[in-house]
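Hello,

Here is the structure I promised to pass on to you. Please open it next to this email and look for each residue as you read.

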Amino acid sequence: MHIISASRRTDIPAFYTPWLLERLRAGHVEVPNPFNPHQVRRVDLRPQAVAGIVFWSKDPRPLLPHVADLDRRGYPSLFHITLTALPAPLEPRVPPPEEILAAVEELADKIGPQRLIWRFDPIVLSSLTPEERIVSAFASLAEALQGKVRHCAISFARYYRQVQARLRRAPAVEVFDPDRHDAAEALKRLGPLAAALAREGARRALEVVSCAEPLDLSPFGVGPAACIDAALLGELFGVELPRRKDAGQRLACRCSASIDIGIYGTCRHGCLYCYARGDSALTRGLHHDPRATRLVTNAAPREVENPG
């Protein structure tokens, strides 16, 4: 049995729920290799082959009416919900936080907080979002999410080459890039911010953990965690899963092996910081058919440097 990730590469619940449901009914999906779209993998999606599905989304609302049915059909799920309350220049097409908070409340009622993880991720320290604004936004969201989630995953934004080019076209935004400093200097700036978030989380019985974060935040009360954790999923879903690390992820990532069924460059949120966005994604001839075996056709080779 395998774990399905849906998806680190794009927001399937927000934009492609009908396609996902059709692929689950069909029992299989085709996934092009991110580096070479001519290499295509056929993935078994029959319930007996799938240990569970890990969803990643900034807007799970289109999938909410189907969650109970997925459980009944043998597709238990865990949700990572990204909610950052970043200003519109950084997340131009992400729904308002109050709409997603309502969706999280509904989702918690359906599946319980143990199957929900809040992602305050990535943290963008910038001229638009100084430390005090980040802590204030986190505290407000944590208050609203108290009792609905038990964990919050954080990491600091990394500015890969294509993101740096995008930022240069947005001169009003100046960011703090940890990779332009040595670890000690970066921690001097970011460690106290991580500690402040951990304190705000602890006040609300919410554990703050780090996701694929190269900086060691444990002295600041934020330990590393696996977003796809075979031990946790085995406990939640009642199956025994191999606990090997996913070799396709970043070095600091602790996730267990999974199969991601998304395709890069297909998300429509348009986030300025996103390494997976692909700036020509909406204009390069990609075609989505909810009945097709793969998410899109005419997919260009991967444009990002960060595996996942």
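This is a predicted model, and I began with its aromatic rings. The count comes to six aromatic pairs. One of them joins Phe15 and Tyr16, whose ring centres are 6.3 Å apart with 70° between the planes, an edge-to-face pair. Are these two residues buried or exposed? Tyr16 is buried, because its relative accessibility is 3% and buried means under 20%. Phe15 is partly exposed, because its relative accessible area of 21% is not under the 20% cut-off for buried.

Next, please find Trp118 and Phe120. Their ring centres lie 5.8 Å apart and their planes meet at 70°; angles over 60 degrees count as edge-to-face, so this pair gets that label. Trp118 is buried at 1% relative accessibility, and Phe120 is buried too, at 5%. Ring pairs also bring in Phe138, making a cluster of Trp118, Phe120 and Phe138.

A charge comes into the picture at another ring: Arg189 lies over the face of Phe176, 5.0 Å from the ring centre.

Last, have a look at Cys267, in the segment that follows strand 10 (259–260). Cys267 has a relative accessible area of 19%, so it counts as buried, the cut-off being under 20%. Which residues does Cys267 contact, leaving aside its neighbours within four places in sequence? They are Thr10, Asp11 and Phe15, and Phe15 is the partly exposed residue from above. Thr10 is 257 residues away from Cys267 along the chain, yet their C-alpha atoms are separated by 4.9 Å.

Enjoy exploring!

Best wishes

Note on methods: Residues numbered from 1 in each chain as written. Predicted model: local features only at pLDDT ≥ 70, side-chain atom pairs only at ≥ 80, totals over all residues. Heavy atoms only, no water. Phe/Tyr/Trp six-rings, centres within 6.5 Å; stacked < 30°, edge-to-face > 60°. Buried < 20%, exposed > 50% of the residue type's maximum accessible area, 1.4 Å probe, protein only. Lys NZ or Arg CZ within 6 Å of the ring centre and 35° of its normal. Helix = DSSP H or I, 4+ residues; strand = E, 2+ residues; numbered from the N terminus. Contact = heavy atoms within 4.5 Å.
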